[in-house]
Amino acid sequence: MDWHQGNATDDRDEKSWLIGFFATGDQGVNYSEDVEIKWSDHRAGDVQTDWEKSRGTSVGILISGQMRIHFTDGTAELDEQGDYVRFGPGVNHRFSTPTGGRLITVRWPSRPDEDRG
């Protein structure tokens, strides 16, 4: 089958990724080595304590709530639907959510040779 209908909340993996090199099973059309898509939901007060180094270029777009994406040299404050942040490979980052939030992240390329965050 060359198409798939689903629900991003239901179909994502344990790290909230939906599309990328790691997609398996009946979601074969979700397999890609070109791009990864993440659908993440966060509760108020969620904080990522460890720094993560980006593997590729990423853009995070706020769907709802508020998100803070912290970098070693500043913080992107995503407060209104559609606010986004973009950053390149090798950038250390982590997040916090003052009110909770939903974020869609698109990252490229999808690299099977590296760990996913």
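Trainee: Where is Ser16 placed?

Mentor: Ser16 sits in the loop between α1 (8-11) and β1 (17-19). Keep in mind that this is a predicted model.

Trainee: Why is Ser16 called buried?

Mentor: Its relative accessible area is 15%, and buried means under 20%.

Trainee: OK, on to the rings. How many aromatic pairs are there?

Mentor: The count comes to one. The ring centres of Phe71 and Phe87 are 5.3 Å apart, and rings pair if their centres lie within 6.5 Å, so these two qualify.

Trainee: And why is the pair called edge-to-face?

Mentor: The ring planes of Phe71 and Phe87 stand at 70°. Planes over 60 degrees apart count as edge-to-face, so that's the label this pair gets.

Trainee: What makes the pair a link between distant parts of the chain?

Mentor: Phe71 is in strand β5 and Phe87 in strand β7, 16 residues apart. Both Phe71 and Phe87 are buried, too.

Trainee: Which residues make up the largest nonpolar core?

Mentor: There are 10 of them: Leu62, Met67, Ile69, Phe71, Ala76, Leu78, Val85, Phe87, Phe95 and Leu103. Strands β5, β6 and β7 (84-87) are the elements that give two or more residues to this core, with β5 providing the largest share, three residues.

Trainee: Which residues is Leu103 in contact with, leaving aside neighbours within four places in sequence?

Mentor: Among them are Leu62, Met67, Ile69 and Leu78. Lys38, Trp39 and Ser40 are on the list as well.

Trainee: Now the sheet. In what order do its strands come?

Mentor: The open sheet has four strands in the order β3-β8-β5-β6, with antiparallel pairing.

Trainee: What makes β3 and β6 edge strands?

Mentor: Each of them, β3 (52-53) and β6 (74-78), pairs on one side only.

Trainee: How do you know that β5 and β6 pair?

Mentor: Five bridges join β5 (residues 67-71) to β6. Pairing takes at least two bridges, so β5 and β6 count as paired. The two run antiparallel, and Arg68 stands opposite Glu77 in β6.

Trainee: Last one: which peptide bond is cis?

Mentor: The one from Trp108 to Pro109, with omega near -10°. Pro109 lies in the segment after β9 (101-108).

Methods: Residues numbered from 1 in each chain as written. Predicted model: local features only at pLDDT ≥ 70, side-chain atom pairs only at ≥ 80, totals over all residues. Heavy atoms only, no water. Core = buried A, V, L, I, M, F, W, Y, C linked by side-chain atoms within 4.5 Å. Buried < 20%, exposed > 50% of the residue type's maximum accessible area, 1.4 Å probe, protein only. Contact = heavy atoms within 4.5 Å. Phe/Tyr/Trp six-rings, centres within 6.5 Å; stacked < 30°, edge-to-face > 60°.
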